[in-house]
Amino acid sequence: MRIRLHAPDEVRRRELTAMLEASGHTLADAAPDVELCDMEPGIAVPGEAEAPVIVLTNRMPPGDPPAGILGREVSARQLDLAVRAVAAGLLVRVPGLAGSPGFGAAPGFAAADDAPPLTPRETEILTLVGEGMSNKAVARRLGISIHTVKFHLEALFAKLDATSRAEAVAKGLRGGILEI
């Protein structure tokens, strides 16, 4: 992939360049496949970009979210996967960014501070439902009763304001609870 790198700090620029080149990417000023922005405090995301933008930051950038948002402590493997995903038209998000109420929230999905968080078991059940498993298969996989699966599903439907399994999974994907 051809990457246009925006990194004001020269040391950080060399570090990111090495990570990108080790993964087989090249830096380019013209016709990039992806724009990568290392955002230090006070640095803004480029207003207009030729390609999808990935931002490396520890705080949620203001305005419309870019195609990719990762923490600044990103590994070479994570960066490579994010570049490839964003170039393919996917959105990439890291959970739990500082200063990001409602981060990952999409229309119809409550902000993180407004919605009660799903329990680890509810998240696990939603993930299995998203894989297409029936209540009976989920119960077998987790070693719990079907009644318990139904109980957890009802709780997460209420938390996600969903009326069906498909709607719950869709809201989980849009809200960053589930990942593809």
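This is a predicted model: local features need pLDDT of at least 70, side-chain atom pairs count only at pLDDT 80 or more; totals for chains, interfaces and linings use all residues.

Q: Which strands does β3 pair with, and how do they run?

A: Two strands pair if DSSP finds at least two bridges between them. Strands (E, at least two residues) and helices (H or I, at least four) are DSSP runs, numbered from the N terminus. Strand β1 (residues 2–6) is joined to β3 by 4 bridges, and the two run parallel. β3 is also joined to strand β4 (residues 53–56) by 4 bridges, again parallel. Within β4, Leu56 is the bridge partner of Asp38.

Q: Which way do the residues of β3 point?

A: In a regular strand the side chains alternate between the two faces of the sheet. In β3, Val34, Leu36 and Asp38 point one way, while Glu35 and Cys37 point the other way.

Q: Why is β3 described as largely enclosed?

A: Buried means under 20% relative accessible area; exposed is over 50%, and partly exposed lies in between (1.4 Å probe, protein chains only). Strand β3 (residues 34–38) has 5 of its 5 residues buried, so it is largely enclosed by the rest of the structure. For the protein, buried residues make up 39% of the 180 residues.

Q: Is Asp80 buried or exposed, and what is its relative accessible area?

A: Asp80 is buried, at 14%. Asp80 sits in helix α2 (residues 76–87).

Q: What does the side chain of Asp80 make a polar contact with?

A: A polar contact is a pair of N or O atoms within 3.5 Å; within protein, one must be able to donate a hydrogen and the other to accept it, and residues adjacent in sequence count only if both atoms are side-chain atoms. The Asp80 side chain makes one with the side chain of His25, at 2.7 Å. Contact in general means heavy atoms within 4.5 Å. Beyond its neighbours within four places in sequence, Asp80 is in contact with Ser23 and His25.

Q: Where does pLDDT stay under 50?

A: pLDDT is the predictor's confidence in each residue, from 0 to 100. It stays under 50 over residues 98–114. The mean for the protein is 81, and 79% of its residues reach 70 or more.

Methods. Residues are numbered from 1 along each chain as its sequence is written. Side-chain values use heavy atoms; hydrogens and water are left out.
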